[in-house]
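I am opening my notebook for a first walk through this structure. Come along and keep the picture beside you.

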Amino acid sequence: MVEPASAPGLIADIGGTNARFALIGPDGQAHDARTLLCADYDGPAAAARAYLREVQAATAPGRGAFCVACPVAGDTVALTNNPWRFSIAATRDALGLDRLTVVNDFVANALAVPRLTAADRVRIGGGEPVAGRPMAVLGPGTGLGVALLVPAGDGRLVPVATEGGHVTMPATDAGEAAVLERLGRRFDHVSAERVISGAGIVNVYQAVCGVEGAEPATDDPAEIGRRAIDDGDPLALHSLHLVFGMLGTVAGNLALSTGALGGVTIMGGIVPRYLDLFRASPFRTKFEAKGRFRDYLSGIPVDVVVHPYPAFVGLAGLVAAEASTK
């Protein structure tokens, strides 16, 4: 039998559309990354076998760590936006793994935070993180993920998955109130995710057009971004400023609620794509706009992660931790 130290680790980031696989070598780094369409396979075991055939792995993986875009509360995992439903134990056995750990995707993103380098992040205001205090991680993408890293007192950071993307979105000025009032006619609950996500960009843009009496030009979030940056479309530009300002409000609320003096980290694909626009947005102003606690928040650093696959970094850490317990 191959010694665990020499066997590679198998990692996967499984979402609604794609499953991204990679191997972790002795150096702890991900390599041979591939993206497979979930619709082409009946579950993660079949997709993983196809991946391993494609990369022609010389040694069978000994450990696995997958992250999934859904809650993980037991052996059975049911993807939220994907028909895959699988047993962790059965998938482990089907792939011949000694261990298979499955976590929520934002747990994997949170676990990446202490492993990222300075080149992987861009600082958006604040001072230095306070050692030994919680860290908050959130990120708009298809949805709005939120997780925490809480110090355990023995040097470890414990990830905590949350459903913080579904908190009620408050209005902090008349412009936001007008947009949220219109969205309230469409949705029984206007959560943060309804406005801070890919679909949220469309929701906000359509509401802004409605307030201004204009016809929306598109329902594609990427096109709204293009119109804002390339064309200087005032409605598209205003919509993105609203989205980023509301992200600042939610991030500030999260920092206050969790005591995240260890810093706030922004993940996801949306903010890095529009980084210059994000810097110029009301994000930081809204983040700190908490009245008597403005000074408290002004010192909290906010980092935007620009690493292309932070979940892989977090999953690599899980594989390394499992190897150390063998």
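The entries below go from confidence to sheets and then to helix pairs.

**Entry 1**

I looked up the confidence and found a mean pLDDT of 93 for the chain, with 97% of its residues at 70 or more. Residues 1-5 are below 50, and I counted for this stretch 5 contacts in the model beyond near neighbours in sequence. Where pLDDT is low, the predicted coordinates should not be read in detail. I left that stretch there and moved on.

**Entry 2: The sheet of five strands**

In what order do the 5 strands of this open sheet lie? I read off β3-β2-β1-β4-β7, with mixed pairing. The edges are held by β3 and β7 (99-104), and each has a single partner strand, so one side of each is left without a neighbour in the sheet.

Strands of a sheet pair through backbone hydrogen bonds, either parallel or antiparallel. I found one case of each here. β2 (residues 18-24) and β3 (residues 30-37) are antiparallel, with 6 bridges. If you want a place to start, find N18 and look across to L37 in β3. The hairpin of β2 and β3 has 5 residues between the strands, and G28 in this hairpin has a positive phi near 80°.

β1 (residues 9-14) and β4 (residues 63-68) run parallel and are joined by 6 bridges. I followed I11 to its bridge partner in β4, which is A65.

Helix α1 (residues 44-55) lies across β1, β2, β3 and β4, and runs at about 130° to β3. Helix α3 (residues 105-112) packs on the sheet too, where it touches β4 and β7, and its direction makes about 95° with that of β7.

**Entry 3: The sheet of six strands**

I then traced an open sheet of 6 strands, again with mixed pairing, in the order β8-β13-β12-β9-β10-β11. Here β8 (121-123) and β11 (157-161) are the edge strands, each with a single partner, so one side of each is left without a neighbour in the sheet. From one strand to the next the twist averages 25°.

**Entry 4: Helix against helix**

Two packed helices are described by the angle between their axes and the distance between the axes.

*α4 with α5.* How far apart are the axes of α4 (residues 174-186) and α5 (residues 198-212)? I noted 9 Å, at an angle of about 110°. That angle makes α4 roughly perpendicular to α5. From α4 come A178, V179, R182, L183 and R186, and they meet N203, V204, Q206, A207, V208, G210 and V211 in α5. I sorted this contact by class into 7 nonpolar, 3 polar and 2 charged residues.

*α5 with α7.* These axes come within 9 Å and cross at roughly 125°. α5 is therefore oblique to α7, and the crossing is right-handed. Residues making the contact include V204, Y205 and V208 of α5, with L240, V243 and M246 among those of α7. By class I wrote down 11 nonpolar, 2 polar and 1 charged.

*α6 with α7.* The axes of α6 (residues 221-230) and α7 (residues 234-258) come within 8 Å and cross at roughly 110°. The two are therefore roughly perpendicular to each other, and α6 passes α7 in a left-handed crossing. I listed I224, G225, R227 and A228 on the α6 side, and A236, L237 and L240 on the α7 side. Sorted by class, this contact has 5 nonpolar, 1 polar and 1 charged residues.

**Entry 5: A last look back**

Technical notes
Residues are numbered from 1 along each chain as its sequence is written. This is a predicted model: local features need pLDDT of at least 70, side-chain atom pairs count only at pLDDT 80 or more; totals for chains, interfaces and linings use all residues. Side-chain values use heavy atoms; hydrogens and water are left out. Axes are lines fitted to C-alpha atoms, for helices over the stretch in contact, and angles run from 0 to 180 degrees between N-to-C directions. Helices (H or I, at least four residues) and strands (E, at least two) are DSSP runs, numbered from the N terminus. Angles under 35 degrees count as roughly parallel, over 145 as roughly antiparallel, 65 to 115 as roughly perpendicular and the rest as oblique. A crossing is left-handed if the near helix is turned anticlockwise from the far one by less than a right angle, and right-handed if clockwise. Contact means heavy atoms within 4.5 Å. Ala, Val, Leu, Ile, Met, Phe, Trp, Tyr, Cys and Pro count as nonpolar, Asp, Glu, Lys and Arg as charged, and the others, Gly among them, as polar. Two strands pair if DSSP finds at least two bridges between them. pLDDT is the predictor's confidence in each residue, from 0 to 100.
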